[in-house]
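Reader: I have a structure open and some questions about it. Can we go through them one at a time?

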Amino acid sequence: MLKVCPVCRSKEIDEIVYISAVPALANVLWSDQERAVSAKKGDICLVICRNCSFIFNSAYDPDLVDYDCCYENSLHCSNTFNGYCERLASDLSQRLHLKDKTIIEIGCGQGQFLSMLQHAGDNLAIGFDPSYRGAEPEEHDKTKIYTCIFPPKHPLEQEPDFLCCRHVLEHIFEPEAFVEEVTAAAKPRCKLYFEVPNANYMLRLPGIWDLLYEHFAYYTTTALKYLFLSAGCENIQVTERFYDQYLGLEAYTGKKRLSTNCQPQTHQIVTSAQKFGKAYKEKVQEWAKYLDSLVSKGEKVIIWGAGAKGIMFLNFLGMDYRTVPFITDINPAKHGCFLTGSGQMVIPPEELTSYRPDKVIIMNPAYKNEIEADLQRMDLHKAQILIA
Ligand SMILES: [Zn+2]
């Protein structure tokens, strides 16, 4: 159990909620239902630091979380998400004058966003991601992806003018050391863009299905600023993005490391964290009761979206494949696979035309229009959409 805040070193830590036996890797795909159900599990002891409002899992065991090529969390099948990435790439490249520059993306996945940044200003775009499955980069490529971690052992061919890292930081167990190392690898005044899920939004909603074992960390605006300030960064600005679900941090690398002595105001956020803990227990009970009543009436229920939220929804409720047999997703890489923990099979949306669900539970209101249109197209407009 971690007793010290990994961002500000404070020992003033409050427990928010304790959840036992959570699948350690929600986004791993299984071809075998038995193996899916018996996959590794760990506990979430969600806590908040009273000093900097950093939220983390103090029971996190990094040894349970080993990413390999079976890890599938790409959202790039969705038009809503792709549209957001396109707008973000063009916004960043215009405002930060990214033309003919060297750009680095840490944790670039299969390079979709990296190539958007490359095209936005004819930049040299270099990505790093151990889960990258494409070809080795060639010397004259304008987009190159390496399967090593950043900073690489080999010297960088060009110092970056812009360094970005999206949806990585929340997985990092030692964030202070990570940000120090990454920013130290860039020259001073290098532009930075970091994006993480927005913990302020999660508490506000309350978005209890956003809890995930892979996410050691949940950043509030205050904690995120604190982290980069401690690493000596300057001109730090944090904005809410993607329907407020993400936080985007922009900053410049600084010359000196500061000892941070800011006094963040966290009283309000600590209060909403306590409410979140209470809401978790209530919401899980309500949904479990409601789903049980639907199933006992013989209604057919399907979850739309075999992403992290859908997987956690079923696991937190303890609804396994014997009660709710299927989940659907538009990502073809997931079809025919089984959910970790709860064991549902992922079916393509087209199969709903024969399954004919009465209720479609969606996990993210941001995708409601897209899903509604898909249901209309398949003549399933009678199915009732519920937002979890
Ligand atoms: Zn702290």
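Reader: Is Arg-9 buried or exposed?

Author: This is a predicted model. In it, Arg-9 is exposed, because its relative accessible area is 52% and the cut-off for exposed is over 50%.

Reader: Which residue forms a salt bridge with Arg-9?

Author: Glu-176 does, and the closest N and O atoms are 2.7 Å apart. Glu-176 sits in helix H4 (residues 175-184) and Arg-9 in the segment before S1, so the bridge ties together parts that are 167 residues apart in sequence.

Reader: And how exposed is Glu-176?

Author: Glu-176 is partly exposed, at a relative accessible area of 26%.

Reader: How many salt bridges does the structure hold?

Author: There are 19 salt bridges. One of them joins Arg-204 to Glu-240, with 3.3 Å between the closest N and O atoms. That pair links distant parts of the chain: Arg-204 is in helix H5 (residues 199-204) and Glu-240 in strand S10 (residues 234-241), 36 residues apart. Glu-240 has 35% relative accessibility, so it counts as partly exposed.

Reader: What about Arg-322 and Asp-320?

Author: Their side chains meet in a salt bridge too, at 2.3 Å from N to O. Arg-322 counts as exposed because its relative accessibility is 66%. Asp-320 counts as buried, because its value is 17% and buried means under 20%.

Reader: Which residues are linked in a network of salt bridges?

Author: Asp-91, Arg-95, Arg-241 and Glu-250 are linked that way.

Reader: New topic, the metal. What coordinates the zinc ion?

Author: Four cysteines do, through their SG atoms: Cys-5, Cys-8, Cys-49 and Cys-52, at 2.3 to 2.4 Å.

Reader: Why is the arrangement of the donor atoms called tetrahedral?

Author: Because the four donor atoms subtend angles of 100 to 114 degrees around the zinc ion, and four donors count as tetrahedral if all angles lie between 85 and 135 degrees. For comparison, the ideal angle for four tetrahedral donors is 109.5 degrees.

Reader: How are the donor residues spaced in sequence?

Author: The spacing is C-x2-C-x40-C-x2-C. Within that pattern, Cys-8 and Cys-52 link distant parts of the chain, 44 residues apart. Cys-8 lies in the segment before strand S1 (13-23), and Cys-52 in the loop between strand S2 (41-49) and strand S3 (55-57).

Reader: Last one: are Cys-8 and Cys-52 buried or exposed?

Author: Both Cys-8 and Cys-52 are buried.

How values were computed
Residues numbered from 1 in each chain as written. Predicted model: local features only at pLDDT ≥ 70, side-chain atom pairs only at ≥ 80, totals over all residues. Heavy atoms only, no water. Donors = N, O, S within 2.8 Å, 3.2 Å for Na, K, Ca; no water. Tetrahedral: all angles 85-135°; square planar, octahedral: opposite > 155°, others 65-115°. Helix = DSSP H or I, 4+ residues; strand = E, 2+ residues; numbered from the N terminus. Buried < 20%, exposed > 50% of the residue type's maximum accessible area, 1.4 Å probe, protein only. Salt bridge = Lys/Arg side-chain N within 4 Å of Asp/Glu carboxyl O.
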